[in-house]
Amino acid sequence: MEEVIVVGYGTQTKASLTSAVSTVNAREMVNIPASNLSNILAGRASGVYVQSATGIPGQTSSVRIRAASSWNAAPPLFVIDGVIRDQSAFDALDPSQIESLSILKDASSTAIYGSRASNGVLLVTTKIGKSGKTQVQFTSVAVLNSQPAKQFEYMPLLKSADIVNSLYAPTVKYNDYDKQWIAKNNPDGRIYFNEVYQNPFSQKHSLNVSGGSDNVNYFIGGNYYDEKGFLPNMTSDRYDIRGKVSAKLNKDLTVGVNLNFNNFNRQSIAASLASQTDLSGFYEKLFYLGGGTAPAYIDGKPVDPGWLGGNPIEVMRKGGYVKSNNQQIDALLTAEYKVPFIDGLTVKMLYSNNTVYSFSKSFAQKVTLYKFKPDPNSVAGVFTNEVTGTVESGSPSSAYIENTNGKRTSYQLNGIMTYDKKINEHTINVLAGYEQSEGYYTYSSINKQNFPYYTTDQFAFTSSVAGDTKATGYEAYLPSRMSYIGRINYDYDGKYLASFSARQDGSSNFAPDKRWGFFPSASAAWVISKESFFENLDKKSMIDLLKLRVSYGTTGNDPSFNYLWKELYNASTTSYAVGDPVGNSSMVAYNGISNPNYTWETSKSFNLGMDVNFLKHWNLTAEYWTKNTYDILGKRLLNLPVEFGATYPPENYGKMNAEGFEIELGYKRAKLFKGFEMNVSANLGLATTKVIQIDAPSNSLPAEDPNGKALNAMVGYNATGILRNQRDVDNLPANYTIFGAKPELGMMNFQDVSGPNGKPDGKIDNYDRIVIAQYGNMGNTAASYNGNGTFGSNNAPISFGLNLNFNYKGFSLDMLWGGLGGYKILYNDPWGRSFPGLVAPTYYDNAWTPQNPDGTAPKIFRSGDPRENGYKVASTYNIYDATFVRLKNVQLSYDLKNLIKGKVGIKSANVFIGATNLLTITGFKYYDPETFSGSSYPVMRTVNTGINFQF
């Protein structure tokens, strides 16, 4: 329990903690090839929810600590070496450069960060050298193989062809010739995907040098990561250089400097119809364009698939690109002075300057596609190799090139005094501090369309016509903040512990008289195992530590509705006609009604915890917590006349509660037999939400009113089963309809819940919607009413992880399992759950037919037929338990100490082979439940190998 834990503005031993803090061992992540630090956090600590929603190179994961405190919930607060940063700076860190990573979860630990701490804090301290010889650490990892962890699954195309023929009988949509072509060329519908797939390669290298003396310590580190996607023009690379020096100028004064440069490049396709977040809208076209009966290329010529976006493979290869570059430059200066004439008093100063340069270049052009003569033997559109003409792709509407530039500068200044005093059994630590931060952001972009002579990615070849050039830009001050900080820690003989903290925050986000917020907290702990009555118990030999903790405090959230507290006028992008002759004149536009009274969102949190060490090798930590948030900013849903001409600004009126528990269980350094050692740690977290007050539309159904429900409750219909026989149909009320259609065999039926008069009315329609899942990946009513669509499957209320380590005679096997649970996923596909035809997902497999009356899916109908609503509308039929367990990482390593024994300069070396996302266990079979949808670029499964040296 003498482990030192980094907390807000200081450190504490684990034994003296009174709050809920988890730690992550960065050494366990050093050998994992990942482009972002957040991607490898999943499963490592209780109460931390990590979702990797796509495998696009360089794309980050979403991170949540416990539960969202508001429908305006922001990510956790990221603090690196005492400086508040954003997730991009956190993701740029290489695990080999991290000394400690703490996760602050309750109000006692986070309230000292005040106004932005409601969603938890991720606290990182980077490495500094230690006195002694210079140490060099080198790690190199190469990815040998990379494949999608789980792909969208489709029915065999020949089976789909028979279904389509039956739907359109007596018309034949696929004749025997078509089926022969499909069986030979595209049996699984992957003809496009197989054409474009390329085996990606990734690599990671890091080199760190550290050392020091009694007066000077240093750390210099660099790392490089390069990742290729399995599609053309999908790449990312990152390199980072960090230097940290601490110098003791005399016995009382120590100064330090920390410099960091990070460069991140990313390239993607320029398709305007593709999401740059997960490539949805484009990626799924690789499976069904061409109708399943046309290849992407014939004799090397790209085939026109008849889609506005063009041939997706040709667009990826020749249609342009989006290249982005992000550079971060950090400088941190520190000074610490131990006041010689007051024993225990220390004064610390910190100044950080951060500059971020962002640049993006987009280039998009039409591609030439070829039309081919239809094969006369085919009725489904199989082509011959005879060219009949060419056509330009419909997207983009015109070729363009665009550059965007951004620059953000910010600083943070801290002054902190600490006083430590021990008198007999009494130990006290007092902290007082001041913090301020400001920033400035500039942005500009230029877009030029049309290339009159030659299309290329150079501005010199673009049109000089004024209407073909668009330029914009702006400058803005970032929110300014000023804070006063205080904390008192008290320890009586290691048995009775208490902590009190407070932070006074001021923010320019609010009007002057609403600008300041006060965020106090208190916590206490009782180490029962140190009591004399406990020491006399026979069970003492079994229990080494028993500690109870309790905390209560207030934290804040200041969502950025910048300057809506005052009247604003902006330069309008439109103009008006004036004068004779008429000319265009610029104008200013009213920014909207102001609200000088809006202020912080506030959360009051309670935490009850217990720490137990027992049987020498076991340790257990359990937490129960609640969080009540009020003054949530939201837009009031009021009935306003059209003539009013405006909308009301956001107000502090909403309320929301959250509740949960966490368990961490560890079994360390267990020697089961000679030479064999085992370490096991498991964690489980539950975080539930409940909306207490939010405006709902006046005409909303009870199910649609988010009050009293989880933040992301899902609304739909209760499916009661397929009408399998005539008796099922005859038992329905007279004039019964299902979404306007007369019931018939094979249709899905639903519960008749209500009607216009509040009673069942003998028909299934919108009045019959109910809550079909409290936690879902869609249908976030409270969030959607306030324009927040960012909640995805990271809404899961349950997270869990299992970390296993086995060591035997130089061999080490490490496994990390992680997953999310307790939430539902609404099956979705590119056709909105409407049967698409030949290329059909397995969702439509085993459908009811007269020959298959026990089919698990309803009867299939043509797209647009109202009878298809049985499998199209959101209902209990097409929502599934999305719980998944994933083998996030497995690694087998061998210590080369016997081979290098006596080798000059080599302290340690090991080689390893590993894999990421090797296995996924889930009851949801259609696509990866962790991704946004089946249309997302998939999470990847990789196999890697590497070596780690220390000199």
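**View 1. Surface and overall dimensions of the chain.** The chain exposes about 41,700 Å², and carbon and sulfur atoms supply 55% of it (Shrake-Rupley method, 1.4 Å probe). This is a predicted model, in which local features need pLDDT of at least 70 and side-chain atom pairs count only at pLDDT 80 or more, while totals for chains, interfaces and linings use all residues. Residues are numbered from 1 along each chain as its sequence is written, and side-chain values use heavy atoms, with hydrogens and water left out. Along the principal axes, the C-alpha atoms fill a box of roughly 95 × 85 × 70 Å.

**View 2. Secondary structure and burial in the chain.** The chain has 12 helices and 46 strands (DSSP runs: helices H or I, at least four residues; strands E, at least two; numbered from the N terminus). Of its 951 residues, 51% are buried (under 20% relative accessible area, with exposed meaning over 50% and partly exposed in between; 1.4 Å probe, protein chains only).

View 3. In α4, residues 176–185, the buried residues are D178, W181 and I182. They lie on the same side of α4 because they cover an arc of only 100° around the axis (directions from the helix axis to the C-beta atoms). D176, Q180 and K184 are exposed on the other side of α4.
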